[in-house]
Amino acid sequence: MIGTAQVTTAFLPLIRKGEKKRILFMTSVMGSFKFSLAANVAISSGYSSSKAALTVLAAKYALALKEEGIFVLSV
């Protein structure tokens, strides 16, 4: 997740200059609190935690970059 934040920050100047200002983060259902409880999934805590953190990171970037017209999506 830290690497993703560093790469995103490094590419922001290019994204700002681009025609299509978009950032896409690939996450997983394993990062979902609701899914983990509903499916009774107790394994892969490191992977799940990193994917949950990535989802929050995407939300923070989306809020911070919204006024610049940069669309951020987490899928």
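Tutor: This is a predicted model, in which local features need pLDDT of at least 70 and side-chain atom pairs count only at pLDDT 80 or more, while totals for chains, interfaces and linings use all residues. Residues are numbered from 1 along each chain as its sequence is written, and side-chain values use heavy atoms, with hydrogens and water left out.

Start with the setting. From the N terminus, the order of elements in the protein chain is α-β-α-α-β, that is, three helices and two strands. Helices (H or I, at least four residues) and strands (E, at least two) are DSSP runs, numbered from the N terminus. Of the chain's 75 residues, 24% are buried, meaning under 20% relative accessible area with a 1.4 Å probe, protein chains only.

Now the core. A nonpolar core is a set of buried Ala, Val, Leu, Ile, Met, Phe, Trp, Tyr and Cys residues joined through side-chain atoms within 4.5 Å. The largest one here has twelve residues: Ala 5, Leu 12, Ile 15, Ile 23, Phe 25, Leu 54, Leu 57, Ala 58, Tyr 61, Leu 65, Ile 70 and Val 72. Two or more of them come from each of α1 (2–17), β1 (22–25) and α3 (45–65). The most come from α3, which supplies five.

Take Leu 65 as one member of the core. Leaving aside residues up to four places away in sequence, Leu 65 touches Leu 12, Arg 16, Ile 23, Ile 70 and Val 72. A contact here means heavy atoms within 4.5 Å. Across the protein chain, 63% of the contacts with a separation of 6 or more are between residues 24 or more positions apart.

Conventions: Buried < 20%, exposed > 50% of the residue type's maximum accessible area, 1.4 Å probe, protein only.
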